[in-house]
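I have the model open and am going through it piece by piece. These are my notes on what I looked up.

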Amino acid sequence: MYKIALPNAYAKQVDGFLFHWVPQNQTAPYILFICGASHGAWCYENYFEYFYKLGYNIASIDWLGRGGMPMGENFCRMNTQTIVQVTLKSINSIADIDTYIIVGHSIGCLPSGQIASLDDNVIGLVLLAPSPHKQIAGVKKLPTIPTDTPAPLEDKQALTKRYWSHITDARMIQTLYDKMVCESPTLKNERFSVSVSIDWQDNKCPALVIEAGLDDPDFHPEMQDKKIAKFYQAQYVYLENMGHCMMYGNNWQHSAECIKEWLHTHFAFTIP
């Protein structure tokens with residue numbers, strides 16, 4: 001099983017998912033990192049270390065079929081609601097977790113937004129290259145895929161265009177490709193059909209949206225991420241030379257620094 005490489009890191013299985021948490025500072029909130037399609041908690045390893053050193057408590061979750069967990073019989077039916085329910089169940093099972101900030105990436109921004117809208121303990125929301133939801137006007141829908149078998153990985157060239165346009169090292173790209181897993185077709189279809197609804201109340205909590213300037217325009221056309229930022233009443237940041245997976249690869253620190261500055265603007269706590 002995957003384990004976060006930080007002191008005092010814990011993990012527990014919850015309904016086939018693997019929930020991770022790393023406590024260190026009772027005066028600081030947790031940051032809960034939620035991955036995107038075909039990724040796992042590992043994709044935030046740079047962020048784990050970066051924000052841990054800033055004094056934050058760390059949490060993340062591996063969905064079915066990643067983190068060393070089996071797909072299980074429900075893999076193809078796993079959807080946004082599944083991720084929301086198991087994530088909230090996991091958080092509520094850890095007495096140490098009180099208030100927390102969510103950082104979501106790509107399709108993981110859909111459950112991130114829903115969790116933030118449902119749980120009053122969420123005090124901040126960060127969305128990296130977010131997938132659009134139902135309330136975002138004018139989003140192009142994409143063809144759906146069969147739901148009776150796991151959605152296979154696309155070839156390396158396609159994923160490089162979509163995810164890794166900021167990475168120049170071919171060996172790194174191969175290593176990343178080897179870590180990718182197939183995905184729930186039901187979850188992917190929710191993105192393709194733009195069918196996930198998010199009930200966001202005005203001033204629910206501070207939010208930040210970061211757009212990747214090198215993102216694939218087929219999935220992130222001009223103005224889409226700005227519309228998402230407006231929906232959440234969020235601060236909007238555009239990183240010109242950043243690819244979709246901004247939390248690793250070349251210049252990942254740029255996105256981390258944006259999040260750090262936003263955190264320091266909205267939250268204060270005592271570093272041990």
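Contact, in these notes, means heavy atoms within 4.5 Å. I'm working on a predicted model, where local features need pLDDT of at least 70 and side-chain atom pairs count only at pLDDT 80 or more, while totals for chains, interfaces and linings use all residues. Residues are numbered from 1 along each chain as its sequence is written, and side-chain values use heavy atoms, with hydrogens and water left out.

**Entry 1: Asn121**

I started with a loop residue. Helices (H or I, at least four residues) and strands (E, at least two) are DSSP runs, numbered from the N terminus. On that numbering Asn121 lies in the loop between α3 (109-118) and β6 (122-128). Which residues does Asn121 contact, leaving aside neighbours within four places in sequence? I found Asp98, Thr99 and Tyr100. Thr99 is 22 residues away from Asn121 in sequence, yet their C-alpha atoms are 4.6 Å apart.

For burial I use relative accessible area with a 1.4 Å probe, protein chains only: buried is under 20%, exposed is over 50%, and partly exposed is in between. Asn121 comes out at 30%, so I log Asn121 as partly exposed.

**Entry 2: helix α3**

How many of the ten residues of α3 are buried? Eight are, so I call α3 mostly covered. The buried ones are Cys109, Leu110, Pro111, Ser112, Gly113, Gln114, Ile115 and Ala116. They pack against β3 (30-34), α2, β5 (100-105) and β6.

Ser112 has a relative accessible area of 0%, so it is buried. Leaving aside neighbours within four places in sequence, Ser112 contacts Ile34, Ile102, Gly104, Leu125 and Leu127.

**Entry 3: α2 against α3**

For helix pairs, axes are lines fitted to C-alpha atoms, over the stretch in contact, and angles run from 0 to 180 degrees between N-to-C directions. Helix α2 (residues 80-92) packs on α3 at about 50°, with the axes 9 Å apart. That makes the pair oblique; under 35 degrees would count as roughly parallel, over 145 as roughly antiparallel and 65 to 115 as roughly perpendicular, with the rest oblique.

α2 brings Thr80, Gln81, Ile83, Val84, Thr87 and Leu88 to the contact, and α3 brings Leu110, Pro111, Gln114, Ile115 and Leu118. For residue classes I count Ala, Val, Leu, Ile, Met, Phe, Trp, Tyr, Cys and Pro as nonpolar, Asp, Glu, Lys and Arg as charged, and the others, Gly among them, as polar. The α2 and α3 contact then has seven nonpolar, four polar and no charged residues.

**Entry 4: α1 against α8**

The axes of helix α1 (residues 45-53) and α8 come within 11 Å and cross at roughly 40°. These two are therefore oblique to each other. On the α1 side I see Asn46, Tyr47, Tyr50 and Phe51; on the α8 side, Trp252, Ser255, Ala256, Glu257, Ile259, Lys260 and Leu263. That contact divides into seven nonpolar, two polar and two charged residues.

**Entry 5: α4 against α5**

Oblique or perpendicular for this pair? Helix α4 (residues 156-163) and helix α5 (residues 170-179) have axes that come within 11 Å and cross at roughly 100°. That makes α4 roughly perpendicular to α5. Lys156, Leu159 and Thr160 of α4 meet Ile173, Gln174 and Tyr177 of α5. By class I get three nonpolar, two polar and one charged.

**Entry 6: the core**

A nonpolar core here is a set of buried Ala, Val, Leu, Ile, Met, Phe, Trp, Tyr and Cys residues joined through side-chain atoms within 4.5 Å. The largest one has 98 residues, and Tyr44, Tyr47, Phe51, Trp63, Tyr100, Trp164 and Tyr248 touch the most other members. Its largest share, six residues, comes from helix α8 (residues 252-266).

I followed up Tyr44. Leaving aside neighbours within four places in sequence, Tyr44 contacts Phe33, Ile34, Cys35, Val103, Gly104, His105, Leu128 and Met247.

**Entry 7: positive phi**

Ser38 is not a glycine but has a positive phi of about 65°. Ser38 sits in the loop between β3 and α1, and at 7% relative accessible area it is buried. Gln233, not a glycine either, has a positive phi of about 55°. Gln233 is in the loop between α7 (224-231) and β8 (235-239), and at 41% it is partly exposed.
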